[in-house]
Amino acid sequence: MKKTKPKKRRTSVSKKVGMPPGSIIYVGRERTENASIELISYTSDSFSKNEYDNCSSLKKSLVADAVNWINVDGIHNQQLINQFEAEFGLDHLLLEDVVNTNQRPKVEEHNQYLFLSLKMLSYNELDQDIDNEQISIFLGSDYLISFQEKSGDVFGSIRERIVGSKGQIRNNGNDYLFYSLIDSIIDNYFLVIENVGNNLEELEEEIFNNPSQNLLEKILKNKNILLNLRRSIYPLRESINKLLRENINFINPETNKYFNDVYDHTIQIIDILESYKDIISGLKDSYISNLSLKMNQIMQVLTIIATIFIPLTFITGVYGMNFEHIPETHWKNGYWFFWALTTIIVIGLIIYFKKKKWL
Amino acid sequence: MKKTKPKKRRTSVSKKVGMPPGSIIYVGRERTENASIELISYTSDSFSKNEYDNCSSLKKSLVADAVNWINVDGIHNQQLINQFEAEFGLDHLLLEDVVNTNQRPKVEEHNQYLFLSLKMLSYNELDQDIDNEQISIFLGSDYLISFQEKSGDVFGSIRERIVGSKGQIRNNGNDYLFYSLIDSIIDNYFLVIENVGNNLEELEEEIFNNPSQNLLEKILKNKNILLNLRRSIYPLRESINKLLRENINFINPETNKYFNDVYDHTIQIIDILESYKDIISGLKDSYISNLSLKMNQIMQVLTIIATIFIPLTFITGVYGMNFEHIPETHWKNGYWFFWALTTIIVIGLIIYFKKKKWL
Amino acid sequence: MKKTKPKKRRTSVSKKVGMPPGSIIYVGRERTENASIELISYTSDSFSKNEYDNCSSLKKSLVADAVNWINVDGIHNQQLINQFEAEFGLDHLLLEDVVNTNQRPKVEEHNQYLFLSLKMLSYNELDQDIDNEQISIFLGSDYLISFQEKSGDVFGSIRERIVGSKGQIRNNGNDYLFYSLIDSIIDNYFLVIENVGNNLEELEEEIFNNPSQNLLEKILKNKNILLNLRRSIYPLRESINKLLRENINFINPETNKYFNDVYDHTIQIIDILESYKDIISGLKDSYISNLSLKMNQIMQVLTIIATIFIPLTFITGVYGMNFEHIPETHWKNGYWFFWALTTIIVIGLIIYFKKKKWL
Amino acid sequence: MKKTKPKKRRTSVSKKVGMPPGSIIYVGRERTENASIELISYTSDSFSKNEYDNCSSLKKSLVADAVNWINVDGIHNQQLINQFEAEFGLDHLLLEDVVNTNQRPKVEEHNQYLFLSLKMLSYNELDQDIDNEQISIFLGSDYLISFQEKSGDVFGSIRERIVGSKGQIRNNGNDYLFYSLIDSIIDNYFLVIENVGNNLEELEEEIFNNPSQNLLEKILKNKNILLNLRRSIYPLRESINKLLRENINFINPETNKYFNDVYDHTIQIIDILESYKDIISGLKDSYISNLSLKMNQIMQVLTIIATIFIPLTFITGVYGMNFEHIPETHWKNGYWFFWALTTIIVIGLIIYFKKKKWL
Amino acid sequence: MKKTKPKKRRTSVSKKVGMPPGSIIYVGRERTENASIELISYTSDSFSKNEYDNCSSLKKSLVADAVNWINVDGIHNQQLINQFEAEFGLDHLLLEDVVNTNQRPKVEEHNQYLFLSLKMLSYNELDQDIDNEQISIFLGSDYLISFQEKSGDVFGSIRERIVGSKGQIRNNGNDYLFYSLIDSIIDNYFLVIENVGNNLEELEEEIFNNPSQNLLEKILKNKNILLNLRRSIYPLRESINKLLRENINFINPETNKYFNDVYDHTIQIIDILESYKDIISGLKDSYISNLSLKMNQIMQVLTIIATIFIPLTFITGVYGMNFEHIPETHWKNGYWFFWALTTIIVIGLIIYFKKKKWL
């Protein structure tokens with residue numbers, strides 16, 4: 001289980017050092033599956049869906065006057081990426097960003113298309129960690145190409161809505177599809193946050209009941225998830241803001257209000273992130289001070305025991321000495337005198353501890 | 001008691017994931033009461049008040065040349081919200097914000113109306129926590145619609161002033177009503193802050209008298225209240241600032257000075273929040289260092305007891321040994337010699353502790 | 001003594017909740033003295049001074065072509081405030097700020113006058129706390145009205161300079177008087193800072209000599225004073241900056257350089273505040289780590305005592321056993337053998353502690 | 001090993017104090033090797049490479065209409081630097097920056113050339129520290145001069161690409177070479193970061209398994225590496241940004257997109273730096289709280305042992321006393337009664353500890 | 001030694017409170033020496049140097065078409081300052097700043113001169129503290145007046161260069177002299193920083209070898225030096241930036257590049273300050289966690305000793321009881337049985353401690 005984390009981080013730049021700048025090299029985890037390409041074309045009336053395993057015949061298959069959504073699963077296939085560069089005239093440096101899965105979310109407008117790179121995050125219940133996948137989208141005038149790292153049902157609900165003609169998606173252009181993709185990704189951010197929120201609540205209760213070392217590890221894990229989310233959401237907010245500020249050709253002014261909404265969501269996520277950060281730092285403080293409290297309790301027990309018995313043991317020592325003349329040992333009720341003395345000392349100490357509020 | 005907090009946070013986005021964007025779905029707590037609609041129409045001379053339970057005949061009931069205040073209790077009724085969209089031409093995305101009770105406070109100007117969403121916070125003495133309610137206001141040219149999450153007397157004093165024609169409210173337009181609603185909400189923020197302030201004072205005294213684990217929980221609770229307040233007040237300040245900067249059609253320039261005043265209040269609240277944050281961090285420091293101090297005291301008692309009795313017990317051990325020739329045991333006054341020795345050691349140690357300032 | 005702090009904070013907004021916005025309600029401490037009004041009129045040649053107890057004949061008493069300084073002690077008299085509103089045409093909302101002693105320092109230019117609200121802070125040696133008083137100033141074209149919360153000698157030295165015709169004050173207009181008032185208030189800020197500085201030095205020495213719980217309370221008290229000062233000085237700096245940036249009619253361009261000087265002072269105070277904040281956080285660190293050091297010393301003493309005597313006591317136990325055949329007990333010099341063994345163990349442990357640097 | 005760090009920091013300004021401003025004085029480590037100068041000239045067709053040991057004949061050797069890259073190893077040779085000033089008309093103050101190895105990264109445009117100073121960082125596995133080397137580049141219209149502190153293979157891969165005509169380098173001008181140099185340096189930053197990332201992962205595991213003092217030293221070492229990286233990357237980002245914002249004559253507009261890419265990389269590094277900073281502070285917290293946890297465990301063992309045996313030892317003391325009448329000692333089964341009593345106490349205490357969750 | 005610090009801070013504003021604004025009152029340490037005035041006049045060809053003890057004949061002594069540098073040692077002489085006001089027409093408020101040694105560094109351009117106030121800091125090896133001296137410079141068209149707090153060799157090396165005609169100083173105007181003065185002061189900042197750097201290194205080693213209370217005091221002392229430096233350098237950077245941004249008449253455009261260089265130096269110092277701040281906070285963390293580590297070690301020793309001997313002592317207690325029938329005491333080899341039991345327990349505990357990694 002633990003080994004997965006190191007692996008993730010090691011998806012690594014070292015492969016690229018020493019290469020000519022602008023080299024298209026996939027830096028993510030090794031993968032062996034074939035890449036798959038799916039083309040969905042739709043208008044309000046028509047709908048078609050086809051799968052391809054290379055790019056050559058793809059451009060001819062685009063349906064005119066329809067929304068053409070090309071979804072590519074598997075960016076580890078370098079050849080395929082090169083084909084896209086040739087076929088659709090996508091920029092070399094941007095394709096480099098597509099395969100560099102450590103890319104920072106960003107938006108760039110080119111003559112032929114709008115490019116957006118962002119992170120798909122989803123909470124993995126099993127590992128109690130988040131899965132991180134880079135999505136890159138090229139929005140051209142008559143097509144939308146999305147590159148995914150892994151095959152998966154990220155956009156499942158969007159496909160359903162297209163197929164079932166639910167909502168407004170079939171009545172709108174590819175800019176609305178573009179918006180829907182972003183929106184569904186951000187909805188997943190909310191799910192991640194909600195999971196973290198639930199974790200924090202559970203941790204809060206556990207900390208006050210039973211502070212064990214485990215807890216700090218869990219706190220830090222949730223903090224790292226927030227850090228991860230933060231590294232995804234801040235640049236995304238900037239990107240969406242850029243989309244809103246600048247007049248982007250590929251986005252219909254009427255669709256703009258949807259991006260406004262998305263922008264509001266990114267700010268809301270950031271707000272929650274910041275308050276969770278504060279909550280986590282509060283949890284850490286609680287954890288550490290509860291450790292101290294527990295220590296105090298342990299010390300208190302030790303001190304009470306020791307303070308009561310050490311003097312008593314001293315007295316037993318006194319009457320265990322072998323001096324020839326210890327008067328008390330010859331008293332008839334010496335032994336009971338000893339117990340009386342002992343009882344008085346114990347009662348005195350208990351009163352003292354009560355006063356100190358240790359009992 | 002504890003269960004209420006988790007529930008609140010779980011008012012949750014997960015219901016919305018996978019839905020088409022722009023779906024109007026109430027994400028707050030489940031509620032079963034009927035929603036109620038109240039229409040208050042007034043001019044400086046006239047006043048009328050009616051209740052409705054749906055929206056259909058509402059628009060016709062608006063009084064011309066008067067201030068028409070429509071107050072809606074209960075945003076969980078989706079049908080009702082849809083009626084408002086149809087009747088008053090309210091924007092779909094904004095109504096989505098109305099029912100999404102996790103919405104961040106914001107202001108938006110549309111052609112037909114001005115939209116403001118903000119949080120009503122009130123201190124709940126019972127839970128020692130704050131109640132959080134979202135208020136959304138549409139200010140049109142001849143109406144003001146306010147949506148409340150729960151029925152309640154939030155705006156009671158405003159109603160009284162309208163009915164009793166107290167203050168300037170009856171002589172002013174619906175922008176003044178708009179201002180009065182915001183003002184009364186912000187007044188409640190001050191009350192929340194004041195309660196937190198009182199709590200902090202009590203905590204301060206308790207910490208120096210009796211630092212128990214409970215206190216940290218209380219400190220964190222107050223910190224969370226401040227965090228909550230902060231998440232409401234910062235975006236509200238931005239919104240009010242936007243109202244002031246931009247020339248809003250729906251607000252009379254003469255009413256502007258009142259919004260200036262409201263703006264000053266938001267800044268004042270933020271100032272207090274920041275200083276309370278500092279005070280709370282000071283309380284935490286006090287709490288933790290008082291734990292250490294208490295530990296030191298416990299250790300000191302233990303050390304004094306042990307340091308005094310361990311050597312004495314050793315001596316009793318010595319004279320309790322069964323060697324055949326221990327000269328002292330045969331002394332006539334051996335036993336008194338032992339007590340003299342003991343007394344000297346105890347006095348010496350007490351002097352030592354006095355010097356160390358442990359006694 | 002302790003009760004004064006809660007009272008201060010409770011000067012409280014709760015009186016205002018539910019009132020129509022813009023209500024003039026004094027929120028400070030209850031006061032019963034009569035308010036007093038003093039009018040000082042002076043030119044370079046002439047000087048007159050009169051006292052009034054209401055506002056009615058005041059406006060007629062203003063001397064033409066002279067500086068007319070109206071100083072009002074006691075803003076708790078609501079009637080009086082209302083008279084000023086009527087007589088001098090002062091804005092209702094600003095007068096609300098005058099009596100709201102929790103007001104944030106601010107400047108506002110109106111057609112008839114310039115309004116400045118700021119905090120008079122003075123160090124109270126007795127409580128080791130600061131006294132906080134709100135001063136509000138209206139600078140009109142031919143008068144300057146200053147409202148003080150309490151009667152007191154805040155502006156004593158200015159009066160002396162006017163009476164004695166010291167400095168440049170008699171040769172300048174009411175804008176110079178305005179500047180002099182602000183300058184004397186800021187001079188008092190420096191005094192407060194200096195007192196805090198001295199306190200910090202004393203605390204520094206005490207911490208390294210004798211860290212007691214008391215000290216943390218003192219550190220936090222000084223920190224709160226700085227917080228208080230900060231809440232006064234930051235908005236004041238903004239206000240002065242606004243005075244400098246905007247062309248204020250009521251201030252002669254030649255007087256501007258004096259406000260430049262005041263602005264420099266506010267920045268200097270902020271610099272010192274920031275460095276004192278760092279010093280205080282250093283003191284807290286010292287305090288807490290000195291607690292740990294003291295703990296270490298206590299533990300060390302305990303450990304040394306226990307480590308030396310526990311083995312020795314074990315040996316006495318051994319020779320105190322009642323086995324029938326313990327060879328050593330029958331040795332002629334068994335007892336001395338015991339003491340030799342004891343001595344060797346003690347010397348060995350002392351060498352060990354020396355090596356550990358515990359002795 | 002430890003001595004290397006002090007030496008580095010002492011590369012020091014004190015040599016310069018008291019000198020006339022603008023003195024060209026090398027402040028780095030003492031070096032004795034000769035400086036070496038290498039001139040590589042290339043076009044898409046031709047390629048030549050020569051070495052020189054002084055600057056005199058260098059200018060004549062530049063190939064017209066080709067990219068001329070002059071790489072200087074060894075800035076400690078003051079005479080050589082002076083020759084460059086004379087030959088190429090490089091600014092005196094800039095050459096002072098070249099030899100001042102504590103220079104902050106910066107860019108400056110002059111009439112004849114563009115100047116960029118930046119830091120080459122590489123991770124040194126041996127010391128687990130980073131090597132720091134200052135690179136200064138003058139980009140003229142027909143030459144590029146790079147000054148390196150040490151001879152070394154920093155630009156090895158670029159030389160290979162030039163020689164082997166790999167990538168686009170031979171088809172582009174000296175601005176592309178300029179870009180390639182910067183790009184290869186930034187690639188090394190990623191390597192340093194990756195090493196730090198790996199270190200942090202290892203530390204994370206060690207902290208939870210075996211918190212020793214060593215670890216804190218290691219944590220701080222990695223933090224210092226990040227600090228170092230930060231001091232290099234922030235000003236570099238500014239510099240690149242300046243290159244992008246301003247229209248630099250020496251950079252072809254077509255090459256601009258590469259600098260855009262470099263800029264993205266600097267931001268990405270900064271993002272990672274910030275998140276590593278958070279991770280490090282998390283590690284420190286873990287380390288410190290694990291120390292406390294270990295302390296708690298130790299105390300717990302001590303308390304359990306003491307709490308069990310101290311009462312038992314008291315009982316043995318009781319029955320070891322020499323009173324004449326201790327009834328139990330005369331019981332037939334007194335000894336077994338003692339063991340029964342002992343067993344009951346031990347069982348009772350174990351139940352108590354179980355309840356306290358100490359066992 | 002310790003008394004010097006309080007004295008410094010008490011150079012104090014309280015002398016000024018209640019005085020008319022703009023009073024010229026020296027607030028530094030009491031001084032009794034006479035002030036001395038030195039006039040150095042030079043061109044590239046000529047050089048003259050004279051001393052004066054008042055200001056009256058000074059203006060006539062200025063050499064036309066030469067650089068006239070008037071250096072005043074001793075600003076405590078109020079009369080002298082007044083003379084300068086009269087002779088050179090220096091502004092009253094600025095002279096107030098000259099004698100107010102708590103002044104914040106600033107620059108101001110007047111019609112007749114440019115005013116710059118800054119702090120001369122030098123490291124005092126004896127106190128391990130820094131000496132703080134305020135330097136104020138008036139740069140007129142044909143003179144430069146510098147006011148120093150104390151006589152001293154601050155500008156010694158500049159005088160040497162003027163006398164010896166070293167560097168470019170004799171060939172440039174008084175703006176270059178102005179630059180040289182600032183440059184030599186900033187060079188001293190680097191020296192201070194270097195000393196702090198060396199101190200930090202030493203502290204780092206000491207902390208890991210021998211954490212004593214002394215160390216925290218030293219850490220805080222160095223932190224205070226940095227704070228002091230910071231309060232001097234930040235406003236100086238602003239001032240230099242202002243010099244660069246605005247077109248100052250008194251500075252030749254050609255000299256501007258030198259001020260650019262000075263500006264770079266101030267930024268470099270700030271960079272180092274910030275990283276030293278981080279290092280110091282790291283040292284504090286190390287110090288505190290090393291205290292905990294030491295505590296752990298002490299506790300460990302105590303626990304090992306106690307855990308081994310307490311059970312053994314119990315056993316000796318058992319066989320020291322006076323029950324009539326203790327079977328083991330009658331065994332022939334009872335005593336050796338006891339030692340065997342003891343040995344087994346000790347070995348068992350040692351194995352347990354090894355497993356716990358306490359040994």
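1. pLDDT is the predictor's confidence in each residue, on a scale from 0 to 100. In chain A, pLDDT stays under 50 over residues 1-11, and the model has eleven contacts beyond four places in sequence for this stretch (two residues are in contact if their C-beta atoms, placed from the backbone, lie within 7 Å).

2. This is a predicted model, in which local features need pLDDT of at least 70 and side-chain atom pairs count only at pLDDT 80 or more, while totals for chains, interfaces and linings use all residues. Residues are numbered from 1 along each chain as its sequence is written, and chains are lettered from A and ligands numbered from 1 in the order in which they are written.

3. Chain A has a mean pLDDT of 85, with 91% of its residues at 70 or more. Helices (H or I, at least four residues) and strands (E, at least two) are DSSP runs, numbered from the N terminus. For the complex, the predictor gives an ipTM of 0.74 and a pTM of 0.79.

4. Seven strands of chain A form an open sheet of mixed pairing, in the order β2-β1-β3-β7-β6-β5-β4; two strands pair if DSSP finds at least two bridges between them. Strands β5 (residues 113-124) and β6 (residues 129-140) of chain A run antiparallel and are joined by twelve bridges.
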